[in-house]
Amino acid sequence: MTAPLTPPHQPPHDPDWPPPPPPALGPAGDPITAAEVLQGVLVTVVSAIAGALLGVLWLNLAPRVLLISDGKGVYLRNSEGEAAIGSDGTFVLLALAFGAVAALVVFLLRRQGGVPLVLGLALGGGAGSLLAWGLGTYFGPARDVVAHAKAVGPNVTFEAPLELNLAAAAMLAWPLAAMIVHLALTALFGPRDPEPEPWDRAKAY
């Protein structure tokens with residue numbers, strides 16, 4: 001009989017003999033679970049609903065553009081005023097704050113993060129901003145300026161409709177703030193990856 005060709009097993013306490021390799025993982029890593037998808041959907045829905053609060057705050061805090069009519073036309077009450085820019089700035093600042101708070105809450109509740117949560121923050125922030133914009137303009141001053149001017153009469157100051165002159169940029173403020181703050185919190189305070197096993201370090205060399 002011939003001796004077996006396999007080498008004898010080394011004792012487990014021999015420091016010169018590396019441990020056996022770990023089982024191979026799939027090329028895509030850990031799959032996204034149904035629970036993570038559900039959490040992302042929940043973040044999207046809650047963020048979108050929070051847009052109603054943003055709309056109320058914008059409606060009450062944004063500076064107003066004042067108009068006046070002479071019976072023939074409608075003019076700015078103060079042609080050098082910056083109320084229109086202030087309306088945009090108020091919305092953007094509020095949206096940035098909402099995005100930062102949303103990211104902080106999501107991180108505190110789910111430190112592991114994940115793609116569904118980040119997508120939920122982005123999509124929910126965009127939906128919330130759209131809802132805030134719609135509510136602010138709908139419940140704000142009348143949008144028909146000519147009819148409003150006729151209703152109040154000539155030489156009477158009235159408020160212009162609440163608008164966003166830089167609507168596209170304002171809509172991005174909330175989702176961008178949410179993703180940036182969440183990324184920063186995850187990088188600074190999120191769970192760290194475990195140290196590589198001795199077998200992985202041996203393969204690296």
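1. Contact here means heavy atoms within 4.5 Å. By that rule, and leaving out residues up to four places away in sequence, Ala95 touches Leu54, Ala173 and Trp174.

2. A note on the basis. The model is predicted, so local features need pLDDT of at least 70 and side-chain atom pairs count only at pLDDT 80 or more, while totals for chains, interfaces and linings use all residues. Residues are numbered from 1 along each chain as its sequence is written, and side-chain values use heavy atoms, with hydrogens and water left out.

3. The interior. A nonpolar core is a set of buried Ala, Val, Leu, Ile, Met, Phe, Trp, Tyr and Cys residues joined through side-chain atoms within 4.5 Å. Buried means under 20% relative accessible area, exposed means over 50%, and partly exposed is in between (1.4 Å probe, protein chains only). The largest core has 22 residues, and those with the most contacts inside it include Leu54, Phe91, Ala95 and Trp174. H1, helix H2 (83-109), H3 and helix H5 (167-189) each give two or more residues to this core. Helices (H or I, at least four residues) and strands (E, at least two) are DSSP runs, numbered from the N terminus.

4. Aromatic pairs. Rings of Phe, Tyr and Trp (for Trp, the six-membered ring) pair if their centres lie within 6.5 Å; planes under 30 degrees apart count as stacked, over 60 as edge-to-face and the rest as tilted. The count comes to three aromatic pairs. Phe98 and Trp174 make a tilted one, at 5.4 Å centre to centre and 55 degrees between the planes. Phe98 lies in helix H2 and Trp174 in helix H5, so this pair ties together parts that are 76 residues apart in sequence. Phe98 is buried at 17% relative accessibility, and Trp174 is buried at 1%.

5. A second aromatic pair joins Tyr138 and Phe139, which are edge-to-face at 4.9 Å centre to centre, with 85 degrees between the planes. Both of these residues are exposed.

6. Salt bridges. A salt bridge is a side-chain nitrogen of Lys or Arg within 4 Å of a carboxyl oxygen of Asp or Glu. The structure holds three. Arg110 forms one with Glu36, the closest N and O atoms being 3.6 Å apart. Arg110 is in the loop between H2 and H3 and Glu36 is in helix H1, 74 residues apart.

7. Glu159 forms a salt bridge with Arg64, with 3.2 Å between the closest N and O atoms. Glu159 lies in strand E3 (residues 158-159) and Arg64 in the loop between H1 and strand E1 (66-69), so the pair ties together parts that are 95 residues apart in sequence. Glu159 is partly exposed at 34% relative accessible area, and Arg64 is partly exposed at 24%.

8. Arg143 forms a salt bridge with Glu163, and their closest N and O atoms are 3.8 Å apart. Arg143 is in the loop between H3 and helix H4 (145-152), and Glu163 is in the loop between E3 and H5, 20 residues apart.

9. The surface. Patches are made of residues with over 30% relative accessible area and no salt bridge: like charges are joined within 9 Å, nonpolar side chains (Val, Leu, Ile, Met, Phe, Trp, Tyr) within 5 Å. Ile32, Val37, Val41, Val45, Ile49, Val115, Leu119 and Leu123 form a nonpolar patch with about 740 Å² of accessible area together. Accessible areas come from the Shrake-Rupley method with a 1.4 Å probe; for residues, only the protein chains shown count as cover. Helix H1 (34-61) and helix H3 (115-139) each give two or more residues to the patch. H1 supplies its largest share, four residues. Leu123 is in helix H3 and is exposed, at 58% relative accessible area.
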